[in-house]
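Good morning, everyone. Please have a look at the sequence and the model on the screen, and I will walk you through them.

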Amino acid sequence: ALVAGVMYKKYTNMPPTERIIEDTEVEKSFKLVGKKTEFEVEDVPQLMQEMRASFFSGRTRSYAKRLQQLKQLKKLIDENEEAIITAIKADLGRPRFESVVYEVNLPRNEIKDMIAHLHTWMKPESKGMCLLTFPSQNTVQPEPYGLSLVIGTWN
């Protein structure tokens, strides 16, 4: 399994609405981070360093990039649905119906919801005006926090 993939396109300081580009344009400059199927504890610092460098470069902040990553994640689930169900049956003995509902359809629907609301979630929020800084306008621009390391145990 691919641990972390980062696809990016260099952006300038354009407003978010002007950053929207075609998926094919983004795929021209593709870089994988952490392309391994298994990791040892000793590999974690290097992987985290690569992922931090990628995140702080700003490559993944644009609407187009986030949308593309969500679509790719959905495509991954769609293309590997049977493999996911089979692996869960082999590992946990979970019935097919439960696997389809909880491990395939639930994440797929969450991704669809994220795709539908992504633009709204990224939109700057107006916070009104302050007499102290008049005539300026206060806005809050939602930004991602960073990255997280998820370590899962497998039997």
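In what order do the elements of the protein chain run from the N terminus on? They run β-α-β-α-α-α-α-β-β. The chain has 5 helices and 4 strands. Helices (H or I, at least four residues) and strands (E, at least two) are DSSP runs, numbered from the N terminus.

A word on the ground rules. This is a predicted model, where local features need pLDDT of at least 70 and side-chain atom pairs count only at pLDDT 80 or more, while totals for chains, interfaces and linings use all residues. Residues are numbered from 1 along each chain as its sequence is written, and side-chain values use heavy atoms, with hydrogens and water left out.

Now the whole chain. Of its 155 residues, 21% count as buried. Buried means under 20% relative accessible area, exposed means over 50%, and partly exposed is in between (1.4 Å probe, protein chains only). The accessible surface comes to about 11500 Å², and 56% of this belongs to carbon and sulfur atoms. These areas come from the Shrake-Rupley method with a 1.4 Å probe; for residues, only the protein chains shown count as cover. Next, contacts, meaning heavy atoms within 4.5 Å. Among contacts between residues at least 6 apart in sequence, 56% join residues at least 24 apart.

Helix α3 covers residues 63-79, which is 17 residues. From its first C-alpha to its last, α3 reaches 24 Å, close to the 24 Å expected at 1.5 Å a residue. The expected span is 1.5 Å times one less than the number of residues. Helix α4, residues 81-92, has 12 residues and should span 16 Å. Its end C-alpha atoms are 16 Å apart, which agrees. Just after α4, Gly 93 takes a positive phi of about 70°.

Which residues of α3 are buried? They are Tyr 63, Ala 64, Lys 65, Arg 66, Leu 67, Gln 68, Leu 70 and Ile 77.

In soluble globular proteins, nonpolar side chains tend to be buried together. Here the largest nonpolar core has 10 residues: Tyr 63, Leu 67, Leu 70, Ile 77, Ile 85, Val 100, Val 104, Ile 111, Leu 118 and Met 122. The largest share, 5 residues, comes from α5. A nonpolar core is a set of buried Ala, Val, Leu, Ile, Met, Phe, Trp, Tyr and Cys residues joined through side-chain atoms within 4.5 Å.

Val 104 and Glu 82 are 22 residues apart in sequence and 9.4 Å apart in space, C-alpha to C-alpha. Glu 82 lies in helix α4. At 44% relative accessibility, Glu 82 counts as partly exposed.

On to charges. Side chains of opposite charge can pair when their charged atoms come close. A salt bridge is a side-chain nitrogen of Lys or Arg within 4 Å of a carboxyl oxygen of Asp or Glu. How many salt bridges does this rule give? The count comes to 9.

Start with Arg 108 and Glu 81. Their closest N and O atoms are 3.0 Å apart. Arg 108 lies in helix α5 and Glu 81 in helix α4, so the pair ties together parts that are 27 residues apart in sequence. Arg 108 counts as buried, at 13% relative accessibility. Glu 81 is partly exposed, at 22%. Both belong to a network of salt bridges that links Lys 74, Asp 78, Glu 81 and Arg 108.

Next, Arg 61 and Glu 143. They form a salt bridge, with the closest N and O atoms 3.7 Å apart. This pair links distant parts of the chain, 82 residues apart: Arg 61 is in the loop between α2 (44-56) and α3, and Glu 143 is in the segment after β4. Both are partly exposed: Arg 61 at 29% relative accessibility, Glu 143 at 43%. The C-alpha atoms of Glu 143 and Trp 121 are separated by 9.7 Å.

Last stop, the surface. Met 129, Leu 131 and Phe 134 form a nonpolar patch there, with about 400 Å² of accessible area together. Patches are made of residues with over 30% relative accessible area and no salt bridge: like charges are joined within 9 Å, nonpolar side chains (Val, Leu, Ile, Met, Phe, Trp, Tyr) within 5 Å. Met 129 is found in the loop between β3 (125-126) and β4. At 53% relative accessibility, Met 129 counts as exposed.
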